[in-house]
Amino acid sequence: MNFTQRHITVALAAVLGLIAVAYVGVQGNLQLLFGVVVPYLALLLFFEGIIYRVIKWARSPVPFKIPTTAGQVKSLPWIPRTLGDKLDNPESKAWVFGRMALEVLAFRSLFRNTRTELVSDPKFPEKARLVHWSYKWLWLGAIAFHYAFLIIVLRHLRFFFEPTPQPIALLSEIDGFWQFFIPTFYLTDIIIVLALLYLLGRRLANANLRYITLASDYFPLFLILGIVTTGILMRYFFKTDITAVKQLVMGLVSLKPVIPAGISPLFYVHLFLVCVLLAYFPYSKLLHAPGVFFSPTRNMPGNNRWELHVNPWNYPVKFHPYMEYEDQFRDAMYEAGIPVEKEPETAEVEEE
């Protein structure tokens with residue numbers, strides 16, 4: 001078993017093990033554990049982890065102003081600046097806000113991703129050329145996954161409210177406007193599957209990526225694939241009692257948990273995988289979105305040339321100037337033949 005096979009096997013076995021634990025547990029009448037105790041515990045770990053990571057990022061010292069500047073800085077009036085320059089080298093907080101908005105909502109840095117490769121030159125077959133080219137597939141896969149995931153999470157909010165809020169119902173209708181059959185087919189279901197398969201496939205197809213991909217990288221992909229797969233199976237193939245599911249969720253939200261009858265074991269498997277993702281999320285690299293807001297290379301304006309940045313972590317320092325040092329050791333220095341600024345007699349006269 002080579003390096004890649006070993007790490008894939010570990011991650012896949014972990015996810016399959018979680019599925020088996022939930023299924024066997026529910027078959028053993030542990031619905032209370034997987035339907036009530038585990039969700040509450042997962043939420044506790046999720047919020048505790050989020051708070052811990054945010055406080056840790058907020059307390060990190062930022063002694064210097066180090067914004068990433070990839071565009072022309074504001075300078076003399078006759079030096080032109082494009083819109084891209086103002087976003088890449090923001091001069092004020094307003095432009096920083098625009099830069100962050102594009103980063104968070106449109107993944108602008110990923111959109112500008114480039115790939116460098118050595119390709120053979122048809123004119124000189126014995127040589128190769130270094131080629132830089134724009135690479136948009138990663139951006140497309142990432143943005144498709146994140147937005148599909150977001151819409152699916154928002155759609156699931158209908159289980160948390162009674163009656164379902166109109167915006168959530170409208171979102172579900174838009175997502176399911178291609179009604180091929182009953183039940184309604186959601187477009188985001190197929191988008192997230194394709195995006196996850198692409199994100200997994202690129203790690204397997206690219207030798208360089210495959211070399212640096214560990215079990216901790218495969219695990220969240222397999223885990224989310226497990227959540228998506230069990231959700232799709234429940235919606236389109238193996239039905240469960242949606243009314244009972246909503247009763248369970250409303251009981252958890254109102255802190256009056258109940259275990260209704262009629263919920264299939266597949267739902268508990270789905271819920272258990274979601275809980276594992278909640279508990280795993282704050283302690284893994286999946287929690288990269290909030291970190292963007294605390295990154296000094298992103299959240300600072302590039303105005304170093306006209307505004308002084310004072311290190312907020314500076315603390316009062318007690319200096320020991322040379323004259324105080326000489327006053328303290330003048331006699332010893334003089335006896336040792338070390339040059340001094342004031343002769344001992346002169347210093348004594350001045351002190352008197």
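This is a predicted model: local features need pLDDT of at least 70, side-chain atom pairs count only at pLDDT 80 or more; totals for chains, interfaces and linings use all residues.
## Cis peptide bond

The bond between E162 and P163 is cis. Its omega is about 5°. P163 sits in a loop. That loop runs between α6 (137–155) and α7 (166–175).

Two residues stand out here. N29 has a positive phi of about 60°, yet N29 is not a glycine. L255 also has a positive phi, near 60°, and is a residue other than glycine.

Where do they lie? N29 is in the loop between α1 (3–27) and α2 (31–58). L255 is in the loop between α11 (242–253) and α12 (265–280).

Are N29 and L255 buried or exposed? N29 has a relative accessible area of 63%. The cut-off for exposed is over 50%, so N29 counts as exposed. L255 is at 65% relative accessibility, so L255 is exposed by that cut-off too.

T230 belongs to helix α10, which spans residues 215–236. Its relative accessible area is 7%. Buried means under 20%, so T230 is buried.

Which residues does T230 touch, not counting those up to four places away in sequence? The contacts are L266, V269 and H270.

Two elements give two or more residues each: α15 (322–335) and α16 (344–351). Which element gives the most to the patch? It is α16, with 3 residues.

How accessible is E343? Its relative accessibility is 36%. Partly exposed covers values between the buried limit of 20% and the exposed limit of 50%, so E343 counts as partly exposed. Membership in a patch requires over 30% relative accessible area, and the 36% of E343 is therefore enough on that count.

## Recap by location

Loops hold several of the residues described. P163 is in the loop between α6 and α7. N29 is in the loop between α1 and α2. T230, by contrast, is in helix α10.

Note on methods: Residues are numbered from 1 along each chain as its sequence is written. Side-chain values use heavy atoms; hydrogens and water are left out. Helices (H or I, at least four residues) and strands (E, at least two) are DSSP runs, numbered from the N terminus. Buried means under 20% relative accessible area, exposed over 50%, partly exposed in between (1.4 Å probe, protein chains only). Contact means heavy atoms within 4.5 Å.
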